[in-house]
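Hi everyone, thanks for coming. I'd like to walk you through one model today, so please have a look at the sequence and the structure first.

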Amino acid sequence: MSGHVHPCCKIGPSILCADLSCLADECRKMIHCGADYLHLDVMDGHFVPNLTFGHPIVKCLRPKMPEVYFDMHMMVQNPEKWVESMADAGANQYTFHVEACEDIPALCRKIQESGMRVGIGLKPGTPVETILPYRDLLDVVLIMTVEPGFGGQSFMEDMMSKVQYLRTNFPDLDIEVDGGVGPSTIDAVAEAGANMIVSGTAITGATDPSQVIALLRNAVENAIQKSQLER
């Protein structure tokens with residue numbers, strides 16, 4: 001395993017928790033505060049009970065921040081329907097839910113062919129083994145540490161066993177964690193092996209978001225360093 005490079009730390013604020021009436025300004029502020037990417041939650045009112053925004057918003061944001069990495073978290077039924085429109089809008093990563101899709105290999109190929117990175121998300125109740133047949137088609141696995149669809153829920157620490165399993169078996173995989181992640185929970189997430197950290201209100205609601213982003217980054221980078229030394 002010593003030949004593997006552990007994926008680097010990336011912090012992605014969930015912009016759904018920001019002030020949506022001035023979305024572009026909020027997004028710029030997050031990047032200015034040190035965020036590596038933006039996590040955009042798309043909810044359709046079917047797969048999850050809530051409703052948010054779709055590709056027209058992404059298309060409006062893209063020219064205002066041409067270099068920023070957009071990670072689309074597609075909490076939608078029939079995720080194959082939106083691949084082309086999200087790619088056209090300028091999305092970089094398309095993360096769909098394993099529970100919402102029937103032909104996962106076909107969808108992964110469709111996302112790759114459209115020029116986006118492939119992410120697959122797991123609800124808390126879905127076993128991590130579900131994604132094993134598709135490992136070679138994936139760039140990112142998203143472990144949900146709350147039930148998708150609502151902000152402000154408590155972090156489920158027992159989901160860290162999924163992260164540990166993935167990190168142990170796939171040392172070079174990007175592992176993303178989303179839900180209730182902030183200063184009080186980041187150590188558990190970092191030690192389990194996640195390297196892509198989605199954080200909502202802990203960042204967007206902070207008096208100094210840059211301080212929170214730096215704290216999250218520090219925890220993850222320390223954990224990565226420690227795991228490399230232990231090898």
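Let me start with a term: when I say contact, I mean heavy atoms within 4.5 Å. Another one is for helices (H or I, at least four residues) and strands (E, at least two), which are DSSP runs numbered from the N terminus.

Now the ground rules. This is a predicted model, where local features need pLDDT of at least 70 and side-chain atom pairs count only at pLDDT 80 or more, while totals for chains, interfaces and linings use all residues. Residues are numbered from 1 along each chain as its sequence is written, and side-chain values use heavy atoms, with hydrogens and water left out.

Let's begin with helix 2, residues 55–64. Val58, Leu61 and Arg62 are buried there; buried means under 20% relative accessible area, exposed over 50%, and partly exposed in between, with a 1.4 Å probe and protein chains only. Looking down the axis of helix 2, the buried residues fall within an arc of 110°, so they line one face of the helix. That arc is taken over the directions from the helix axis to the C-beta atoms. On the other side of helix 2, Cys60 and Pro63 are exposed. And what do the buried residues of helix 2 pack against? Their partners are helix 1 (23–32), strand 2 (38–43), strand 3 (70–75) and helix 3 (83–89).

Strand 2 brings us to aspartate 41, which lies in it. Aspartate 41 has a relative accessible area of 6%, so it counts as buried.

What aspartate 41 does have is polar contacts: its side chain pairs with the side chains of serine 14 at 3.0 Å and histidine 39 at 3.2 Å. By polar contact I mean a pair of N or O atoms within 3.5 Å; within protein, one must be able to donate a hydrogen and the other to accept it, and residues adjacent in sequence count only if both atoms are side-chain atoms.

Over in strand 3 sits histidine 73, buried with a relative accessible area of 0%. The histidine 73 side chain makes a polar contact with that of aspartate 41 at 3.1 Å, and the aspartate 178 side chain reaches histidine 73 at 3.4 Å.

Aspartate 178 itself is in strand 7, residues 174–178, and counts as buried at 9% relative accessibility. Its side chain also makes a polar contact with the side chain of histidine 39, at 3.2 Å.

Finally, the record. An unreviewed UniProt entry gives "binding site" for His39, Asp41, His73 and Asp178. Those positions are spread over 140 residues of sequence, yet they cluster in space, with a largest C-alpha distance of 10.7 Å. UniProt positions follow the numbering used here, feature names are shortened, and annotations may be inferred rather than shown by experiment.
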